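These are my notebook entries on a single chain model. I record below what I looked up, entry by entry.

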Amino acid sequence: MTRRFLFLLGSSRSEGNTEVLARKAAEQLGEDVEQEWISLADHPLPDFVDVRQDDAPPPAPTGDAALLLDATLAATDLVIASPLYWYSLSAHTKRYLEEWENWLRTPGLDFKARMAERTLWGVTALYHSEHEVAEPLIGTLNNSAAYFGMRFGGVLLGKGGRIDDVLDDTAALTRAKTFFAQHPPTARFPYRAA
């Protein structure tokens with residue numbers, strides 16, 4: 001199967017440091033690798049309403065939810081490119097991941113089994129030089145991948161506050177050159193890590 005990368009941009013602004021870093025990493029992908037870029041700010045999802053206890057399944061996805069579902073299932077590799085907002089994912093990104101709950105319950109979709117065939121990656125820019133502050137974001141992505149039995153390629157971290165600051169982070173730009181070249185393992189929850 002030809003690899004197809006879906007880059008989900010979670011920033012509220014375009015061309016921010018996270019997107020710049022993601023694009024630097026994507027430059028290293030071969031010409032035979034398809035890429036799709038979607039700004040979650042341009043395809044807003046409503047706040048998640050937890051109706052898991054209801055007997056009725058969720059309604060079939062429509063509008064932006066349907067567009068995102070189709071793009072998600074068409075990808076072999078999902079890249080969550082979310083800036084670090086208050087030590088975790090952006091609200092746009094969180095709404096996208098919360099939509100997965102509805103897709104899990106959509107009859108006939110078999111979403112969980114289909115996601116197990118994919119790889120999840122992360123890219124983020126943060127103000128801090130200390131990457132430990134991004135652990136909640138990294139944990140969210142790792143645990144989401146583990147729940148679905150996906151492979152997890154980790155998170156490419158870069159330092160950036162003002163526009164294009166990440167271009168001064170030579171260590172991040174060096175990591176970007178080989179970030180997608182690795183062969184990531186199946187994600188594991190921390191309590192199951194070997």
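**Entry 1: a loop with positive phi**

Helices (H or I, at least four residues) and strands (E, at least two) are taken as DSSP runs, numbered from the N terminus. The model is predicted: local features need pLDDT of at least 70, side-chain atom pairs count only at pLDDT 80 or more, and totals for chains, interfaces and linings use all residues. Residues are numbered from 1 along each chain as its sequence is written, and side-chain values use heavy atoms, with hydrogens and water left out.

Tyr87 is not a glycine, yet I read a positive phi of about 70 degrees. I noted that most residues other than glycine have a negative phi. At 37% relative accessibility, Tyr87 counts as partly exposed; the classes are buried under 20% relative accessible area, exposed over 50% and partly exposed in between, with a 1.4 Å probe and protein chains only.

Trp86 is placed in the loop between β3 and α3. Trp86, also not a glycine, has a positive phi of about 50 degrees. With a relative accessible area of 78%, Trp86 is exposed.

**Entry 2: Thr72**

I then turned to Thr72, which lies in helix α2 (residues 63–74). Thr72 has a relative accessible area of 0% and is therefore buried.

Setting aside neighbours within four places in sequence, I listed the contacts of Thr72 (heavy atoms within 4.5 Å): Leu6, Leu78, Tyr96, Trp103, Phe111, Met115 and Arg118. With the neighbours within four places left out again, Tyr96 is in contact with Leu8, Leu40, Leu45, Leu68, Thr72, Leu78, Ile80 and Trp103.

**Entry 3: nonpolar cores**

I searched for nonpolar cores, meaning sets of buried Ala, Val, Leu, Ile, Met, Phe, Trp, Tyr and Cys residues joined through side-chain atoms within 4.5 Å. The largest holds 36 residues, of which Leu8, Leu78, Tyr96, Trp100, Phe111 and Leu141 touch the most other members. Two or more residues each come from β1, α2, β3 (77–81), α3 (91–105), α4 (111–115), β4, α5 (135–148) and β5 (151–159). Another core, of 21 residues, lies apart from it; among its members are Leu29, Leu156, Leu173 and Ala176.

**Entry 4: aromatic rings**

I counted 17 aromatic pairs, taking rings of Phe, Tyr and Trp (its six-membered ring) with centres within 6.5 Å; planes under 30 degrees apart are stacked, over 60 edge-to-face and the rest tilted. Phe5 and Phe180 have ring centres 5.0 Å apart and planes at 70 degrees, so this pair is edge-to-face. Phe5 is in strand β1 (residues 4–9) and Phe180 in the segment after α6 (170–176), 175 residues apart. Phe5 is buried at 0% relative accessible area, and Phe180 is buried at 5%.

Trp121 and Phe179 form an edge-to-face pair, 5.3 Å centre to centre with 65 degrees between the planes. Trp121 lies in strand β4 (residues 119–126) and Phe179 in the segment after α6, so the pair ties together parts 58 residues apart in sequence. Both Trp121 and Phe179 are buried. I recorded one cluster linked by ring pairs: Phe5, Phe7, Trp37, Trp121, Phe179 and Phe180.

**Entry 5: charges over rings**

Here the criterion is NZ of Lys or CZ of Arg within 6 Å of the ring centre and within 35 degrees of the ring normal. Arg23 lies over the face of Trp37, 3.9 Å from the ring centre. The charged end of Lys112 sits over the ring of Tyr147, at 3.9 Å from its centre.
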